Amino acid sequence: MAVNDDCKLKFLELKAKRTYRFVIFKIDEKQKEVTVEKVGEPSSSYEDFAASLPTDECRYAIYDFDFVTEENCQKSKIFFIAWSPDSSRVRSKMLYASSKDRFKRELDGIQVELQATDPTEMGLDVFRSRAN
């Protein structure tokens, strides 16, 4: 599975310049490569991000999660989300699962990985608990 250069570019912009709040990636089955499907502006909310994930198709996503530590420090962590809803096609789930590690290696700087099959598995409470 190839990774489109735009994927790495958008990830670096999110990581280094904080140009985006999130990036959603899609596997183009005809081209056999991972492409950027959508980016979220820095002002985007978590709700905007969650609404951008299709309810019946797999996706990869990067989310820049801002939080405040118990010591009252402002921090952020870069989350990688493997979105694989139960209602998506089996072939699609297998394709995303088998390509995940290869794709993740292309994105240097991911701090936390989440596997989610429904929105409750990647709620804000999950982000908060995994960020600390």
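Which residues does Gln74 touch, not counting residues up to four places away in sequence? With contact taken as heavy atoms within 4.5 Å, Gln74 touches Asp66, Phe67 and Val68. Before going further, a word on the model. This is a predicted model, in which local features need pLDDT of at least 70 and side-chain atom pairs count only at pLDDT 80 or more, while totals for chains, interfaces and linings use all residues. Residues are numbered from 1 along each chain as its sequence is written, and side-chain values use heavy atoms, with hydrogens and water left out.

The chain holds four helices and six strands. Here helices (H or I, at least four residues) and strands (E, at least two) are DSSP runs, numbered from the N terminus. Reading from that end, the elements come in the order β-α-β-β-α-β-β-α-β-α. The radius of gyration of the chain is 14 Å, close to the 14 Å given by the globule rule for 132 residues, so the chain is as compact as a globular protein of that length. That radius is taken over C-alpha atoms, and the rule is 2.2 Å times the number of residues to the power 0.38. Along the principal axes, the C-alpha atoms fill a box of roughly 45 × 30 × 25 Å.

As for burial, 43% of the 132 residues count as buried; the cut-offs are under 20% relative accessible area for buried, over 50% for exposed, and partly exposed in between (1.4 Å probe, protein chains only). The accessible surface of the chain comes to about 7300 Å², and carbon and sulfur atoms own 48% of that area. These areas come from the Shrake-Rupley method with a 1.4 Å probe, and for residues only the protein chains shown count as cover. Looking at contacts between residues at least 6 apart in sequence, 62% join residues at least 24 apart. The chain carries 22 positive and 24 negative charges, and their mean positions are 4 Å apart. In that tally Lys and Arg count as positive and Asp and Glu as negative, with His and the chain ends not counted; each charge is placed at NZ of Lys, CZ of Arg, CG of Asp or CD of Glu.

On to the sheet. Strands of a sheet pair through backbone hydrogen bonds, either parallel or antiparallel. In this chain, six strands form an open sheet with mixed pairing, in the order β1-β3-β2-β4-β5-β6. Its edge strands are β1 (2-3) and β6 (112-116), each of which pairs on one side only. Two strands pair if DSSP finds at least two bridges between them.

Ala2 lies in strand β1 and stands opposite Glu33 in β3. Leaving aside neighbours within four places in sequence, Ala2 is in contact with Lys32, Glu33 and Val34. Its C-alpha is 9.1 Å from that of Thr35, a residue 33 places away in sequence. With a relative accessible area of 34%, Ala2 is partly exposed.

Lys32 counts as exposed, at 53% relative accessibility.

Another lysine makes a handy contrast. Lys10 lies in helix α1 (residues 5-17) and counts as buried, at 16% relative accessibility. Apart from neighbours within four places in sequence, Lys10 is in contact with Tyr20, Val23, Val36 and Val39.

That leaves the pair where Gln74 sits. Strand β4 (residues 59-68) and strand β5 (residues 74-83) run antiparallel, joined by ten bridges. Gln74 is found in strand β5 and is the bridge partner of Val68, a residue that Gln74 also touches. Gln74 is exposed, with a relative accessible area of 57%. The C-alpha atoms of Gln74 and Thr19, 55 residues apart along the chain, are separated by 18 Å. In the loop between β4 and β5 lies Asn72, which has a positive phi of about 70 degrees although it is not a glycine. Asn72 is exposed as well, with a relative accessible area of 64%.
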